[in-house]
Amino acid sequence: MSSDAIPTSSLDTSLRFDAVDLVGRTGSHRHVERTVPAPAREAGSIAMQVPEGDDITVAVELESVVEGIYVHGTATALLTGECSRCLDPVEQDVSARLDELFMFPEKVKAEDREDSVLLEADEVNLGPLVRDAIAMEAEDRPLCREDCPGLCGHCGFRMEEDPSHHHEFVDDRFAALKGLFDTEEPAQKDEQN
Ligand SMILES: [Zn+2]
Ligand SMILES: [Zn+2]
């Protein structure tokens with residue numbers, strides 16, 4: 001294993017909450033909050049992510065129920081990325097809902113283990129839950145603004161700086177056709193009073 005494969009911070013270790021005081025005390029509950037640094041950005045297709053080291057704040061209620069510890073609350077963070085049209089920086093405030101039942105291992109049949117989220121050593125690990133919840137809220141195609149005009153498809157010019165920007169492409173085939181159909185009308189002038 002190379003050492004650079006180890007993330008500088010990991011939600012799987014920073015978002016474990018001890019629930020031992022709630023185990024076996026059905027009906028009891030506890031509010032917990034924790035702010036942790038975001039791990040390194042994930043490579044791949046998630047356009048909007050929390051920059052490494054920025055805050056992810058988790059506020060949840062841990063509730064003891066018969067089957068395990070029920071966790072519900074929110075994860076809040078500021079995601080950053082690029083406008084999918086013009087590549088300008090874009091920010092997105094996210095408040096993602098968290099909702100999961102961490103089962104007591106002894107309450108889960110062996111064949112159901114793979115489909116269940118289990119309590120591990122009387123701890124709930126909110127890392128995977130928080131990561132998934134934030135990714136669900138993240139914009140797939142972020143825009144700096146709804147009507148962002150994007151970049152010129154030919155030269156990459158920022159259309160915002162001059163909406164009339166265009167290229168005079170004269171394709172020989174169309175030029176020939178144009179000659180057939182165009183009548184020599186003078187360009188109409190705008191009549192302004
Ligand atoms: Zn844009
Ligand atoms: Zn252009």
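1. Two strands pair if DSSP finds at least two bridges between them. Strands (E, at least two residues) and helices (H or I, at least four) are DSSP runs, numbered from the N terminus. In this predicted model, local features need pLDDT of at least 70 and side-chain atom pairs count only at pLDDT 80 or more, while totals for chains, interfaces and linings use all residues. Residues are numbered from 1 along each chain as its sequence is written, and chains are lettered from A and ligands numbered from 1 in the order in which they are written.

2. An open sheet is formed by 4 strands in the order β2-β3-β4-β5, with antiparallel pairing. β2 (29–37) and β5 are the edge strands, each pairing on one side only. From one strand to the next, the twist averages 15 degrees.

3. The antiparallel pairing of β4 and β5 runs over 15 bridges. A75 stands opposite A96 in β5.

4. α2 packs on the sheet and touches β3, β4 and β5. The direction of α2 makes about 135 degrees with that of β5 (axes are lines fitted to C-alpha atoms, for helices over the stretch in contact; angles run from 0 to 180 degrees between N-to-C directions).

5. The largest nonpolar core has 27 residues (buried Ala, Val, Leu, Ile, Met, Phe, Trp, Tyr and Cys joined through C-beta atoms within 7 Å; buried means 20 or more other C-beta atoms within 10 Å of the residue's own, with C-beta atoms placed from the backbone). β3 (55–64), β4 (68–82), β5 (89–103) and α2 (127–137) each supply at least two of its residues. The largest share, 6 residues, comes from β4.

6. V124 is among the residues with the most contacts inside this core. Not counting residues up to four places away in sequence, V124 touches F17, A19, L62, I69, V71, F102 and L119 (contact: C-beta atoms, placed from the backbone, within 7 Å).

Terms used
A residue is buried if 20 or more other C-beta atoms lie within 10 Å of its own, exposed if 12 or fewer, and partly exposed in between; C-beta atoms are placed from the backbone. Two residues are in contact if their C-beta atoms, placed from the backbone, lie within 7 Å.
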